[in-house]
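Let us take a walk through this model together. Please have the sequence and the 3D view open side by side as you read.

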Amino acid sequence: MSERLARVRSSPTEAAVPDPGQLIPVMRSTLVVRCNPLTKIGVALILMVGALLSIDLVSAGVVFVFCLLALPATGLDLSAAAKRLWFLPAGALLAAWGTALLAEKTGPVVVDFGPILFTTGSLSAAAAIFLRALALAIPLIVLASTIDPRDLSDALIQHLRLPEVVVVSVLAASRLLGLLVSEWQVLSMARRARGVAGGSLLRRTHSLFSGVFVLLVVSIRRATTLAMAMEGRAFGRPGRTWRRRSHFGIRDLVVVLISLAVCALAIVAAHLLGTWNPIIG
């Protein structure tokens, strides 16, 4: 594993975010991966607007098809995505099923089986909800998997001028969250090995609270050390320089323009085909 990560870091064709704790691993560097984190957030919001403004099959379908076609350009491991995100289509199907049952029954009857009544209108609404859910989820997954938290914090501070103490503190908390989970697992295994974690419900409850207290003490000590390190590096002081600069490039403009074109295409296509069903008005 260490040799593989070393190759990922050293190769110029690999992504710069080989974090093993990522939702989906990034296998290669692409146009989307190299974009500024703020650009990725903007693209995700634009695509979400295209899918959210109306509950219809056309606009959601346009955004969904674009997201599917653009997945290879994200550099993500698509096989790992299929294994880890199987619950997304299942959840979308569940939402579509509920919509088909509860939506207004318009058009010819398709299924009439006791309390289950599906019409063309209710099935169309269910299909729109299914595609809409996936069109909203895919950009968020790509966003969460291709953004390096360090790059995001640099962009938020340097471009949006957010307070660096707050941003870096949130960054440190997010980076230490995985460590906190690992420590809890090690602590649980150690208590089981000593024979103080099993037994009756009362004993297990006492063991749980004892483990939480130990974890809290360790977290406070680590937070104190981290605060001293941040103070020593002059976080929050005016005039502090940055080793890594956050930049926008031509690729950021290209990606934003493409997402705007997809959003406009989804809205125009829904209007032209007469399926536009705005959520407001």
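Is D151 buried, partly exposed or exposed? With a relative accessible area of 28%, D151 is partly exposed, because buried is defined as under 20% relative accessible area, exposed as over 50%, and partly exposed as in between (1.4 Å probe, protein chains only). We will come back to this residue once the overall layout is clear.

A word on the ground rules: this is a predicted model, in which local features need pLDDT of at least 70 and side-chain atom pairs count only at pLDDT 80 or more, while totals for chains, interfaces and linings use all residues. Residues are numbered from 1 along each chain as its sequence is written, and side-chain values use heavy atoms, with hydrogens and water left out.

Start with the whole chain. The protein chain holds ten helices and two strands; these are DSSP runs numbered from the N terminus, with helices being H or I of at least four residues and strands being E of at least two. Along the sequence the pattern reads α-α-α-α-α-β-β-α-α-α-α-α. Of the 281 residues, 34% count as buried. Take the contacts (heavy atoms within 4.5 Å) between residues at least 6 apart in sequence: 72% of them join residues at least 24 apart. The accessible surface, from the Shrake-Rupley method with a 1.4 Å probe and, for residues, only the protein chains shown as cover, comes to about 16,900 Å², and 70% of that belongs to carbon and sulfur atoms.

Now turn to the two strands. Strand β1 (residues 109–113) pairs with strand β2 (residues 116–119) in the antiparallel sense over four bridges; for strands to pair, DSSP must find at least two bridges between them. Two residues lie between β1 and β2 in this hairpin, and G114 in the turn has a positive phi of about 65 degrees. Across the pairing, D112 stands opposite L117 in β2.

Helix α6 (residues 120–146) contains T120. T120 is partly exposed, at a relative accessible area of 37%. Beyond its neighbours within four places in sequence, T120 touches T106, G107, P108 and V110.

Next, look at helix α2. Its 16 residues should span 22 Å at 1.5 Å a residue, and the end C-alpha atoms are 22 Å apart, which agrees; the expected span is 1.5 Å times one less than the number of residues. Its buried residues include P37, K40, V43, L47 and A51. Those buried residues pack against α3, α6, α7 and α10.

That last partner deserves a visit of its own. Helix α10 (residues 250–272) has 23 residues and should span 33 Å; its end C-alpha atoms are 32 Å apart, in agreement. D252, V255, S259, V262, C263, A266, A269 and A270 are buried in α10, and their cover includes α2 (37–52) and α3 (57–70). Just after α10, G274 takes a positive phi of about 75 degrees. I258 also belongs to helix α10, yet I258 counts as partly exposed at 39% relative accessibility. Together with L31, I250 and V254, I258 forms a nonpolar surface patch with about 340 Å² of accessible area. Patch members have over 30% relative accessible area and no salt bridge; like charges are joined within 9 Å, and nonpolar side chains (Val, Leu, Ile, Met, Phe, Trp, Tyr) within 5 Å.

How many salt bridges are there? The count comes to four, a salt bridge being a side-chain nitrogen of Lys or Arg within 4 Å of a carboxyl oxygen of Asp or Glu. Here D151 returns: its side chain meets that of R244 at 3.3 Å, N to O. This pair links distant parts of the chain, with R244 in the loop between α9 (201–232) and α10, D151 in helix α7 (residues 149–158), and 93 residues separating them. R244 is partly exposed, with a relative accessible area of 26%. D151, D154 and R244 are linked in a network of salt bridges.

Another salt bridge joins R222 and E183, whose closest N and O atoms are 2.4 Å apart. It also links distant parts of the chain: R222 sits in helix α9 and E183 in helix α8 (residues 164–193), 39 residues apart. In the salt bridge between D148 and R150, the closest N and O atoms are 2.7 Å apart. D148 counts as buried at 5% relative accessibility, whereas R150 counts as partly exposed at 37%.
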